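Work through the exercises below with the sequence and the model at hand. Try each task before reading its solution.

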Amino acid sequence: MVTSIFALTSSIASISLSSRIPPIPVNSLSFAPLKPLSLKSPAPRFPAFVISCSASVADQVVETSDLENLVKSRLPGGFAAQNIIGTGRRKCAIARVVLQEGSGKFVINYRDAKEYLQGNPLWLQYIKTPLVTLGYESSYDVFVKAHGGGLSGQAQAISLGVARALLKVSASHRSPLKQEGLLTRDSRVVERKKPGLKKARKRPQYSKR
């Protein structure tokens, strides 16, 4: 048993000695030269993005100027000098609306209505409801000057202004517009904050002790 163990250990020692890897001389090793670090990083280049942005901005400026020239040519003397005009209000928004016979173009503050109202389908429905009710959606061009409030309030103010302008086209329009509630001025506004409360009616939490 002792001889077998001794033979096993001697064989393992011979294997380890035979499998030893000869050392590699240091002079034979070669490393790639390192590039010096620079604190100045090159500026990013986005030529295509810059060109597309500048082109889109230029297109918007040209389109706005074209619409402004169109409105000035169609409305000589400004909004106040027109015959078919209506004023609508909602919350803090005020809209002055002028109707002219045309193909259904909608211009708000010298911009297309879909662009001005950010493509919101509800707001676009608000401004077109009076014309759709009477079947005039492609019979009149609508020119609007709106200010105050937000886009939602301005859209509802435009709806009231269009309905009131349609009354000047014909008095017979009153009945269908009134049935749809388009001639009623919505007087709801935000209720004022009360002293001692967090909002108009919200109170701080009550603590008994």
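## Exercises on a predicted model

In the hairpin of S1 and S2, two residues lie between the strands, and Lys-91 has a positive phi near 55°. The model is predicted, so local features need pLDDT of at least 70 and side-chain atom pairs count only at pLDDT 80 or more, while totals for chains, interfaces and linings use all residues. Residues are numbered from 1 along each chain as its sequence is written, and side-chain values use heavy atoms, with hydrogens and water left out.

### Exercise 1: the chain as a whole

Task: State how many helices and strands the protein chain has, and give their pattern along the sequence.

Solution. 
- Step 1. Helices (H or I, at least four residues) and strands (E, at least two) are DSSP runs, numbered from the N terminus.
- Step 2. The protein chain has six helices and five strands.
- Step 3. Along the sequence, the pattern reads α-α-β-β-β-β-α-α-β-α-α.
- Step 4. Of the 209 residues in the protein chain, 25% are buried; buried means under 20% relative accessible area, exposed over 50%, and partly exposed in between (1.4 Å probe, protein chains only).
- Step 5. Contact means heavy atoms within 4.5 Å. Among contacts between residues at least 6 apart in sequence, 68% join residues at least 24 apart.

### Exercise 2: the sheet

Task: Find the order of the strands in the open sheet, then name its edge strands.

Solution. 
- Step 1. Two strands pair if DSSP finds at least two bridges between them.
- Step 2. The open sheet has five strands in the order S1-S2-S5-S3-S4, with mixed pairing.
- Step 3. S1 and S4 are the edge strands, since each pairs on one side only.
- Step 4. S1 (residues 85-90) is antiparallel to S2 (residues 93-101), with six bridges. Within this pair, Gly-86 is opposite Val-97 of S2.
- Step 5. S2 is also antiparallel to S5 (residues 140-147), with eight bridges; here Ala-95 has Ala-146 in S5 as its bridge partner.
- Step 6. S3 and S4 form an antiparallel pair with two bridges, where Val-107 is opposite Asp-112 of S4.

### Exercise 3: two residues with side-chain polar contacts

Task: Locate Asp-141 and His-173, then list what their side chains meet.

Solution. 
- Step 1. A polar contact is a pair of N or O atoms within 3.5 Å; within protein, one must be able to donate a hydrogen and the other to accept it, and residues adjacent in sequence count only if both atoms are side-chain atoms.
- Step 2. Asp-141 belongs to S5. Its relative accessibility is 4%, so Asp-141 counts as buried.
- Step 3. His-173 lies in the loop between H5 and H6 (174-179). Its relative accessibility is 6%, so His-173 counts as buried.
- Step 4. A polar contact of 3.1 Å links the side chains of His-173 and Tyr-136.
- Step 5. Setting aside neighbours within four places in sequence, His-173 contacts Leu-134, Tyr-136, Leu-166 and Leu-167.
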